[in-house]
Amino acid sequence: MNRFGVVALGAALILAIVATVAPFFLRRYGIYLISMWAVLTIAAIGLNLTLGYAGQVSLAQGAFVGIGAYTVALLTQSGWPYPAAFVCAGALCFAIGWVLGYPALRVAHHYLAFVTLAFTTLVFLVLRNEEWLTNGIYGINGIERPMFFGWSTGSALDFYFFCLGMLAVLSAATWWMLRSPWGRAFLALRENPIRALSLGLDTRRYTLMAFAIGSSLGGMAGALYAPLVQFIEPGSFGLGMSFNLLLMVIVGGSGYFFGPFVGALVAVLLPEWTRFTEGYYLLIYAALVMVMMAFSPSGLLGLVERVSKVMTRRAASPLALRAKGTEP
Amino acid sequence: MSAVLEVSNLRKSFGGITAVHDVSFDVREGEILGIIGPNGSGKSTLFNCVLGQLQPNAGEVRVDGRPTTGMRPCDLNGLGVSRTFQLLQVFPQLSVRDNLILAGQEHRGSMLSRLFGRSDAGLGDAAERMISFFQLSHLADEQAGALSYGQQKLLDAAMAFMAGPRLVLLDEPAGGVNLTMLAHLRERLRAYHAERNATFVVIEHQMEFVMALCTRVLVLAEGRIIAQGAPQDIRRNPIVIEAYLGH
Amino acid sequence: MESFIQLLVSGLATGAIYALIAVGFSLLWQTSHTINFAQGEFVMLPAFFILAAMNAGAPFWLAALIGIALSVVVLGFLFKVVIVDPMLKYGVLPLVISTIALSLFLKEAAKDFYSSQAQPFPTLVPATDLEVFGAVVSTQSLAVLLVAIVTVVALHLLLHKTRLGRSMQATAQNPTLARILGIPVERMVLYTFLLNAVLVAIASILITPIYLAKFTNGEVLGMAAFLAAIIGGFNQVRGAILGGVILGVLDNLSAVYISSQYRGAFPLLILIAVILLRPHGLLGRAEERTV
């Protein structure tokens, strides 16, 4: 295994250990926070696929989390078993992502950004107005946490491990996808689409696939979000969350596999650390992102990489590389 | 023997300027056709129209009899048409081996099957053979960006050949390459051609390269074909000489 | 019919304002490939500059001038020099992200440093009603319409009849060629940013009396700018104007004839439809396929 592989495995191992042990040192609120971290990381991994690997800006990830959350809430409260509802959430968001992306990606100029912006607002409107379905602004209350073969995830600790487990499974699946020829294709389409096309790579299809899978991961994150917070309302899934997720991916390092993990951690902890500034945290966050884009567009992991000079002359796998456009 | 490539009455204008006027020619299987001409004669524009990078204003392109005018480059590649680039277009961060696998992988099964198949899409051996054919074995695991210019040119050609194309269009393959490497490149192209009976179309400025490699030569000037024939005849053709000296 | 005329007039007024915002947005894209996601917040902010100046004792007309001047400095000059220029070398994507972050930053700044409550904003003329063709039309709408039209005409004259304007257009359409022709391209690009700052400031003065000064205004206005620019065609100033006007009229009409709950949805559906059917907008030129 090459040097990069060793470092990555080491990092994953450390992360796994810390994540497994941490909750035992935390109180209830702390466990809630790291559960939120796990859930948001899943959504960020999805957005990282779209942005970091396929190079497209999506402002709809929040909406997809919302669609996933509402799907699971409504289905489980109608008697569906949780796993079926979960799969439904993911599949629905994949389909919507495909349909949404198809026309938008035929043209250049970052049209997807605008389409997803419009879509997010539309979703909010539908969630707010269609009271017969979603209970409108009153939201859906009392969402239950699932039970698997007698193991109830009701307690904070149990639900955390459920979220952590899902995170492990989904990130492993993503890793595997990036190790396959698809990973190479994503890199090609991001680094040099013209060359990629001449080699028979259908750039449109791969971009669309990245966006659809990314949206699907958003939906799955939503499916976990609903039982985590146990009360959902339309306002949580608007542009605010989409921006938040976008900034997470950027701050962590877009195109890096572990970027979303880092970005989500910052996003979850920052409001806690800036409590003393009385709600200025979004301001600080936004300022941080702007400064970061000026000095280290490849995010925190980009900074780490430059500082530690992990990259040697030896070739790296697609998993290590980030978007050309974010390189200094 | 039918033509692998047929270009009929191709025209391409940019605003008021017509870069390619009513150009028609055929390329038969096994030929190595050279396209030469002074700067601004429309060679690159012609190339890009054939390859789907640009939409021609009029005219038709056919590959093996199938109309391909304006087809997307990736679909054209699926029909067996490959190209190299004037300005280097390897993937600098991938290894030489990975570049080659990437170059061939889209031809192995469907998109979905590739997701569930092997990481190298079953191209490990083919890549190895291509690496030794171009004598890049000592560089196989190096980052492509670390190779010398000439070596990258070889890689570029190797990538074009990975999918076993019927027709390869080479855009100024000799540009900027030193003499030794040039001879090596020319020799490798000839060897590939002999082995596979492939069909090449080459745009080039360097006369020696074209004359030594090509079986037939086409001369473009100001968007029109002014001469075509065997290399030695073209070299002596007064119209051609005039077109070059006149600039 | 009377209400239709009323709606038409107010629709044209709103549309003209959208057109101003969209034109600036379109120009920024054309000259420097800047997709300014903060354009909406750029329109929201000058109103707060003006209110702050008024709080410091300045009369409205002076405050307005101060607001425009501040806008030119901050949203024109500083925006270009501090945010856009350093980012350009990284490509379009990081710049897009930066402007997204900027929009968030400006919005939060207005909320945190001024107020989260909606603030009243003085109108240009005292609000009375006139009778035009039997319909009741507010003087405010007419004043807005007048100012907006004057601005658009002035803009048109600037861009087409003056040397400066033509140089700016040349820079927008083909910077390389413009440079060869001796046009100081960098300076032209700067002027575009300054021009955008003026346009958004004027738009702010016109629209804030209606919307009230709220830190959230940017969301709606930004969306309007993007829609107008896309509907009209990204590459044309004329298109941005047309897009803005269409949007304004449709927006007002839909408020009456379509459920008010879904009022915001109509323009969004138009956007999706345009991207589906005529991605280069109504007036945009179809460009060469890049991939």
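Here are some worked exercises on a predicted model with chains A, B and C.

## Exercise 1: Size up chain B

**Task.** Find what secondary structure chain B holds, and decide why its radius of gyration agrees or disagrees with that of a compact globule.

**Solution.** 
- Step 1. Start with the elements: chain B has ten helices and ten strands.
- Step 2. Apply the globule rule, 2.2 Å times the number of residues to the power 0.38. For 247 residues a compact globule would come out near 18 Å, and chain B has 18 Å, so the two agree.
- Step 3. Look at the box along the principal axes, where the C-alpha atoms of chain B fill roughly 55 × 40 × 35 Å.
- Step 4. Turn to burial and contacts. In chain B, 47% of the 247 residues count as buried. Taking contacts between residues at least 6 apart in sequence, 64% of those in chain B join residues at least 24 apart.

## Exercise 2: Order the six-strand sheet

**Task.** Work out the strand order of the six-strand open sheet in chain B, and say which strands stand at its edges.

**Solution.** 
- Step 1. Write the order down: S6-S7-S8-S3-S9-S10 of chain B, with mixed pairing.
- Step 2. Find the strands that have a single partner strand. These are S6 (81-83) and S10 (224-229) of chain B, and therefore one side of each is left without a neighbour in the sheet.
- Step 3. Check one pair by its bridges. Strand S7 (residues 167-171) and strand S8 (residues 199-203) of chain B run parallel and are joined by five bridges.

## Exercise 3: Follow strand S3 of chain B

**Solution.** 
- Step 1. Sort the residues by direction. B:Ile32, B:Gly34 and B:Ile36 point one way from S3(B), while B:Leu33 and B:Ile35 point the other way, and all are buried.

## Exercise 4: Trace the four-strand sheet

**Task.** Give the order and pairing sense of the four-strand open sheet in chain B.

**Solution.** 
- Step 1. The order is S2-S1-S4-S5 in chain B, and the pairing is antiparallel.
- Step 2. Strand S2 (17-28) and strand S5 (66-67) of chain B are the edge strands, each pairing on one side only.
- Step 3. Now look at S1 (residues 3-14) and S4 (residues 58-63) of chain B: five bridges pair them in the antiparallel sense. B:Leu5 stands opposite B:Val63 in S4(B).

## Exercise 5: Describe chain C and its core

**Task.** Summarise the fold pattern of chain C, and find which residues touch the most other members of the largest nonpolar core.

**Solution.** 
- Step 1. Chain C contains eleven helices and two strands. Along the sequence they follow α-α-α-α-β-β-α-α-α-α-α-α-α.
- Step 2. A compact globule of 291 residues would have a radius of gyration near 19 Å; chain C has 19 Å, so it agrees. Its C-alpha trace spans about 55 × 50 × 35 Å along the principal axes.
- Step 3. Of the 291 residues of chain C, 53% count as buried.
- Step 4. The largest nonpolar core has 283 residues, and C:Ile17, C:Ile21 and C:Ala228 touch the most other members.
- Step 5. Zoom in on C:Ile17. Leaving aside neighbours within four places in sequence, its contacts are C:Val144, C:Ala148, C:Ala203, C:Leu206 and C:Ile207.

## Exercise 6: Inspect where chain A meets chain C

**Task.** Find how many residues of chain A are in contact with chain C, and which helix supplies the largest share.

**Solution.** 
- Step 1. The count is 41 residues of chain A in contact with 36 residues of chain C.
- Step 2. Several helices of chain A each supply at least two residues of this side, among them H4 (82-104) and H13 (281-295). The largest share, ten residues, comes from H5(A).
- Step 3. By residue type, the side of chain A that touches chain C divides into 32 nonpolar, eight polar and one charged.

Methods: Residues are numbered from 1 along each chain as its sequence is written. Chains are lettered from A and ligands numbered from 1 in the order in which they are written. This is a predicted model: local features need pLDDT of at least 70, side-chain atom pairs count only at pLDDT 80 or more; totals for chains, interfaces and linings use all residues. Two strands pair if DSSP finds at least two bridges between them. A residue is buried if 20 or more other C-beta atoms lie within 10 Å of its own, exposed if 12 or fewer, and partly exposed in between; C-beta atoms are placed from the backbone. Two residues are in contact if their C-beta atoms, placed from the backbone, lie within 7 Å. Ala, Val, Leu, Ile, Met, Phe, Trp, Tyr, Cys and Pro count as nonpolar, Asp, Glu, Lys and Arg as charged, and the others, Gly among them, as polar. A nonpolar core is a set of buried Ala, Val, Leu, Ile, Met, Phe, Trp, Tyr and Cys residues joined through C-beta atoms within 7 Å.
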